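Dear colleague,

I am passing on a structure for you to look through, and my notes on what was found follow below it. Please keep the model open beside the text as you read.

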Amino acid sequence: MKVLAGAPSAAARDAEINGAPPRIEPLAEHELSFDALEYCRNLRLAMGVPENGQIPEVTATMLRHPVLNEAQTDVGIMLNAKGTLSNRERELAVLRQAWVTGSPYEWGEHVDIGKRLGVTAEEVERLTHGADAPGWSRHDAAILRGVDELLSRYRISDETWAVLAESWDDKQLLEFPILVGVYAATAMQQNSIGARLRPSNPGLTHR
């Protein structure tokens, strides 16, 4: 998204989303049921995250709608744990989506996740410039271009599809639009409720 092409615009977007209290407050600790606490513990186990006894505010907010939260989480776990795209390909798509949708929470979290899964710091910066930035492979550029097309035209172009199909099978081609759509829906939700950043998450300025 061109309006977010530079750090000052990214900082302004961060301020827009996080400069006021969240529109929906997270559940306080005393409001969390035993089932909610067990859900969070099991979620950490499923995602390979060490148990620390803490529940992120965004999760505590979503637990106000536990049925929706469970459905969203199930899809996310499927895409991450049982998806057919490689970890790096998935994170390239998620990060580009987070940048285009101007999602401070998603971008900041997935910069760190992406780096753990093979996305370099230089590539993180390059992601903000999109598919036409020098240095991408033909396949990686098609992933980013596909994200942009899905978010602007709701359809991958014939040219981009053909490049992706050189490397991906039918399962991967079916999964890619769903991946982008699921994370875009989450970005819309988090942006709209004003999901507060964790202390370790600098938002859209994160590299």
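Helix α4 (residues 66-81) and helix α10 (residues 170-193) have axes that come within 11 Å and cross at roughly 140°, where axes are lines fitted to C-alpha atoms, for helices over the stretch in contact, and angles run from 0 to 180 degrees between N-to-C directions. The pair α4 and α10 is therefore oblique, the term for angles that are not under 35 degrees (roughly parallel), over 145 (roughly antiparallel) or 65 to 115 (roughly perpendicular). The contact (heavy atoms within 4.5 Å) involves, among others, Leu 68, Val 75 and Met 78 of α4 and Leu 179, Val 182 and Tyr 183 of α10.

This is a predicted model, in which local features need pLDDT of at least 70 and side-chain atom pairs count only at pLDDT 80 or more, while totals for chains, interfaces and linings use all residues. Residues are numbered from 1 along each chain as its sequence is written, and side-chain values use heavy atoms, with hydrogens and water left out.

In a second pair, the axes of helix α8 (residues 138-153) and helix α9 (residues 158-165) come within 9 Å and cross at roughly 140°, and α8 and α9 are therefore oblique to each other. Their contact includes Ala 142, Ile 143 and Glu 149 of α8, together with Thr 160, Val 163 and Leu 164 of α9.

Finally, the charged end of Arg 126 sits over the ring of Trp 136, 4.4 Å from its centre; this requires NZ of Lys or CZ of Arg within 6 Å of the ring centre and within 35 degrees of the ring normal.

Notes: Helices (H or I, at least four residues) and strands (E, at least two) are DSSP runs, numbered from the N terminus.
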